[in-house]
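I would ask you to look first at the sequence and the structure, and then to follow me through them.

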Amino acid sequence: MNPGFETEDKNGVDDAKYWFDDDGIKGQRTDSVSMTGDWAMEVFDSGTWIPVSQWVDITDGEGNLIDAGGMEFEISAWALYTDPDFSRTGILKAEFWGSGSKLGQEDTWFLNNNDPIDTWKQGVINATAPSGTNKIKLQFMNGTSGSGSIYFDDGNVSVVPEPATFAVLGIGALFMRRKKQNYQIR
C-alpha cells in the first residue's frame, strides 16, 4: 500500500507508488517533512477540495476479490499543516465500492484551524463496509480555502477483528496460562 510514501513510482521521486491524483498535479511525494521515514504526501490547495487517492482491494489468500460486507475497518492517517497564514482542513475519506459502483462512504475532518501548526495529528475512521464491498478508495484531502499545503503520512487500512475472535483468543490465552501453571517446578 506504500502507507508512508517511501516507495517512488516509475515516473520519478515526486510520484508515490500506488497513489494517484484525481485532479491533475495537486499532490506529490515530498521529503521536506515527514512523520516517519523520509517521505510524506504534500497535497496542495487550489481553492477546491483536492484528493490524493489509492484503491485497496479486499481479497482472499489467493488474490480473489471477496465481499467484505459487514466487516469492520479502521482507517487512519496523520496530517500536518506548516503555514499559519492560511485556513487548514485535513480530511480522511473512505469510499466503499463493489461491482463498479460506490456503495457508501465515511470521512473525518480531523485537522482544522484550532490545531497547532507543525504538529502531526491523527485522523481515524471506524466503519462497517456495506454489503457487496470489495474495494475501498482511500483519500487524503486538502479542504482549505486559499493557498497552502497539508502533509499526510502513514495511512493505514486494517480489519477490526470480530468480538468472537477476541473471545477465542482470550480463551486460548487463559488455557495457555493455566497449562503453564500446571508444569511449574516447585
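Let me begin with a single side chain: Lys-135 has a relative accessibility of 27% and therefore counts as partly exposed. Please bear in mind throughout that this is a predicted model.

Which residue is the salt-bridge partner of Lys-135? The partner is Asp-57, and the closest N and O atoms of the two are 2.9 Å apart. This pair links distant parts of the chain, since Asp-57 belongs to strand β6 and Lys-135 to strand β11, 78 residues apart. Asp-57, at 42% relative accessibility, is likewise classed as partly exposed.

How many salt bridges does a search of the whole structure find? The search finds 4. Another of them joins Lys-102 to Glu-95, with an N to O distance of 3.7 Å. Here Lys-102 is partly exposed, at 42% relative accessibility, whereas Glu-95 is buried, at 7%. These two residues also belong to a network of salt bridges that includes Lys-93. A further salt bridge is formed by the side chains of Lys-121 and Asp-115, at 3.1 Å from N to O. Lys-121 is partly exposed, with a relative accessible area of 28%, while Asp-115 counts as buried at 13%.

I turn now to the strands. An open sheet is built from 5 strands, in the order β4-β5-β12-β7-β10, with antiparallel pairing. Which strands lie at the edges? They are β4, residues 27–30, and β10, residues 121–128, each of which pairs on one side only. From one strand to the next, the twist averages 30 degrees. Within the sheet, strand β7 (residues 72–81) and strand β12 (residues 149–160) run antiparallel and are joined by 9 bridges.

Next, the nonpolar interior. In soluble globular proteins, nonpolar side chains tend to be buried together. The largest nonpolar core in this model holds 30 residues, and those touching the most other members are Trp-19, Phe-73, Ile-75, Leu-92, Ile-136 and Phe-140. The elements contributing two or more residues include β5 (40–44), β6 (50–57), β8 (90–98) and β9 (101–111). Which strand gives the most to this core? It is β7, with 5 residues.

Leaving aside residues up to four places away in sequence, Ile-75 touches Leu-92, Ala-94, Gly-123, Val-124, Ile-125, Leu-138, Asn-156 and Val-157.

Finally, a remark on the backbone. Most residues other than glycine have a negative phi, and most peptide bonds are trans. Asn-2 is not a glycine, yet has a positive phi of about 55 degrees. Asn-2 lies in the segment before β1 (8–9), and this residue is buried, with a relative accessible area of 8%. Asp-154 also has a positive phi of about 55 degrees without being a glycine. Where does Asp-154 lie? Asp-154 is found in strand β12.

That concludes the presentation, and I thank you for your attention.

How values were computed:
Residues numbered from 1 in each chain as written. Predicted model: local features only at pLDDT ≥ 70, side-chain atom pairs only at ≥ 80, totals over all residues. Heavy atoms only, no water. Pairing = 2+ DSSP bridges. Helix = DSSP H or I, 4+ residues; strand = E, 2+ residues; numbered from the N terminus. Axes fitted to C-alpha atoms, helices over the stretch in contact; angles between N-to-C directions. Core = buried A, V, L, I, M, F, W, Y, C linked by side-chain atoms within 4.5 Å. Buried < 20%, exposed > 50% of the residue type's maximum accessible area, 1.4 Å probe, protein only. Contact = heavy atoms within 4.5 Å.
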